[in-house]
Amino acid sequence: MTAGTHDPAGGGIGRALIRRLPLVGTALGLVLAIWLVATNDVGAVAAAFGRIGLLGLAAVVLVRAIIVLLCGLAWARLLAGLAPAETAAFLVLRFVREGINVLLPVASVGGDVVGGRLLTFWGVTGALAAASILADLLIQAGTQALFALVGALLLTRLDGASAAALASWMLHALAVAALALCAFFAVQRSGAARFIERHIAGLARRFAREAAPSAAGGASGVQDALDTVWGRRRWGALAQGIVLHLLAWGLGAAEIWIVLACIGVEGVTVSEVLVIEALAQAVKSAAFPIPSGLGVQESGFVVVGALFGIDAGTALAVSLAKRVPDVVLGLPSLLVWQSLEARRSAVITG
């Protein structure tokens, strides 16, 4: 093959590998989850999970619903005064984004692509919808990293080589993440966003029945929309979104506290629960190619829980309890997604 000749076969192989990455991640996650269960006392896991009870699980679901609502409000603040969609639309679509990300075999941004497309059903331009998703993902990742930093700093106060080693690893990982986030922000504030925009429509077609041409917008439209979203006069709204996200991540610790209290684990402090939640979130986020962090989340709880004297059976029960809201809230959100697709014309005219 001569220099400069395009290799369609090679490109096809690359695209095929990318398309299959979520499926491969799902398989690896299942193997890891099965291995964790097989190498631990299944009876102890079942007994610990059984002690949580229906009321405990209902409380966890309620907390998760509040977390998703806070994230929806943060997303809405990004487009406050810029788009015709009401706050309720952002709240509903935030549940849809979450449901797709945690229940379908897609990478952890698949639901966000669909959410941006669905937002156009409320009259939001494709460029502005895409810009809101890109900005929301950046703020979400940034606030998660900040929350993880709090957890890592709290972890440095613990005695023991294991805690020190984990804290050091977390701080180094967060330093790399900070560089990646700065690069992501630089991309959004430069013409490179045009390259991202050209691929949004193609990504949307993977997760939706059809991708309307307006779902992506013009190449210059997304860049202009990003400039508007990040405008200096909107820093107040952006700050509100950041605070809402931080509240959401911190509230995730309440899920762990509820579960441990129901199981009967005593002596775990608020700071320790914050550390467990922060580090578990960080581990799950780092494994974003694996849908819903399957297996990875469980491993994180086992490793971090051991630092605070929580046995593996209880840690796995906590992880399973945190997956209950994924199903309870996720399944209805998938039905809402399909309903919106079926009633698209009614939504747009309504």
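**Pockets and cavities: a quick tour**

Okay, let's start with α6: it gives the largest share of the lining of the second largest pocket, 8 residues. This is a predicted model, where local features need pLDDT of at least 70, side-chain atom pairs count only at pLDDT 80 or more, and totals for chains, interfaces and linings use all residues. Residues are numbered from 1 along each chain as its sequence is written, and side-chain values use heavy atoms, with hydrogens and water left out.

Helices are DSSP runs (H or I, at least four residues), numbered from the N terminus. On a 1 Å grid over the protein atoms alone, a pocket is an open set of points with protein on both sides within 12 Å along at least five of seven lines, a cavity is a set where a 1.4 Å probe fits but cannot get out, and lining residues have an atom within 4 Å of a point. A volume is the space filled by probe spheres set on the points.

Back to that pocket: its volume is about 330 Å³. Of its 17 lining residues, the closest to the centre are Leu 138, Ile 139, Gly 142, Thr 143 and Leu 181. α5 (126-155) also supplies at least two lining residues.

Now, how many cavities of 30 Å³ or more does a search of the whole structure find? It turns up 2. The largest has a volume of about 60 Å³, and α12 gives the most to its lining, with 5 residues. Its lining includes Arg 64, Phe 95 and Asp 326.

The second largest cavity comes in at about 50 Å³. Among its lining residues are Ile 256, Phe 301 and Val 318.
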